There are 2 protein chains.
Amino acid sequence: MIRLAKLTDYGLVLMTTMARKGRTSVHNARDLAMLTRLPLPTVTKVLKQLLQSGLLVSHRGINGGYSLTKEPTDVSLAEVISAIEGPIALTECSTDVIGLCDLEHSCPIKTNQRVISEIVRGALQKVMLSDLAQPAQLTAIRGVDGKLVPTAGHSSGRVQ
Amino acid sequence: MIRLAKLTDYGLVLMTTMARKGRTSVHNARDLAMLTRLPLPTVTKVLKQLLQSGLLVSHRGINGGYSLTKEPTDVSLAEVISAIEGPIALTECSTDVIGLCDLEHSCPIKTNQRVISEIVRGALQKVMLSDLAQPAQLTAIRGVDGKLVPTAGHSSGRVQ
DNA sequence: CAAAAATAGTACCTCTGCGGTACTATATAC
DNA sequence: GTATATAGTACCGCAGAGGTACTATTTTTG
């Protein structure tokens, strides 16, 4: 339902937790599992994915662990999300992969769906990890055009 | 992967197809299946869901069919999407249902995830069915703040 | 050098829910 | 009354998410 996968959610929790301690501090999987109250095997799995996407660096052996490769202010939610669940695309049609859809050549809204994906992706690129790490301060967010937009009661909601 | 379900995609195709013919024209399931090149059983299933959500009105018997309840300019993508797959929420935590998440009381980013969902939902509420029905004319879209934003090459994409 | 502690990588299993199909009931036009 | 359409329900198969287990590798420490 336009829903992030659970593992992605966990990834956001882990990245946020690490971001709070600063880029240079090292976190091992066990401690992160304790802090986040998530099961250890799941935590290690997600950390491996974040590592392979380059969002984390690892250090093995005793006193080893993970740390952020970039400052929390330089990591967007879009990066974290796509690190775990691949490219952000609201429909298969909006990826560049061909042959996935029978309607390939006749789909009437293909181009528009790319637009939709762009809008969502753009919104997620505007929110940084540092924004999530400081929940109390997030009362506004940069809109698609980069300007600040209040997050509460924003605009004409016709739906729900 | 932050992906619309196929059925939702079909819903958008069907609604767009109907929107092109205007609000008052009646479409039966068989013709819509032909037009969209989608399997008839699937088309009828989606139409039923759109009907129950109030986006369509139906007329039974010979010469029966479906038609839009509102003008295409008054139907947002958010409405169509939530009609088929329920409330737009990027994580279970951002719905109002409680008891879904073990972290309920300790989740460090719960409030922020609501914000993320709001941003995405807001973006989808800004795009109307009439925008999708006229693909060639959609070169800009209203941003989160309501201002027009070009859809091509817009802004600093750090990801992908 | 050996043991302990951490990550790296792979493989596997379970189970939800999406996607698709079939069937029956009901309403309407002629 | 018959043909044609929608209304509603129930069912099935399967991909993929979520979770687990096991082994290999690296590094610190005594």
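**Basis.** I worked from a predicted model, in which local features need pLDDT of at least 70 and side-chain atom pairs count only at pLDDT 80 or more, while totals for chains, interfaces and linings use all residues. Residues are numbered from 1 along each chain as its sequence is written, with chains lettered from A and ligands numbered from 1 in the order in which they are written.

**Chain A.** I looked up the elements, which are DSSP runs numbered from the N terminus (helices: H or I, at least four residues; strands: E, at least two), and found six helices and four strands in chain A. From the N terminus on, their order is α-α-α-β-β-α-α-α-β-β.

**Two helices.** I then took helix H1 (residues 6-20) of chain A and H2(A), whose axes, as lines fitted to C-alpha atoms over the stretch in contact, come within 10 Å and cross at roughly 105°. On the scale of 0 to 180 degrees between N-to-C directions, 65 to 115 counts as roughly perpendicular, and H1(A) and H2(A) are therefore roughly perpendicular to each other. Counting a contact when C-beta atoms, placed from the backbone, lie within 7 Å, I noted that Val13(A), Leu14(A) and Thr17(A) of H1(A) meet Leu32(A), Leu35(A) and Thr36(A) of H2(A).

Conventions
Angles under 35 degrees count as roughly parallel, over 145 as roughly antiparallel, 65 to 115 as roughly perpendicular and the rest as oblique. Two residues are in contact if their C-beta atoms, placed from the backbone, lie within 7 Å.
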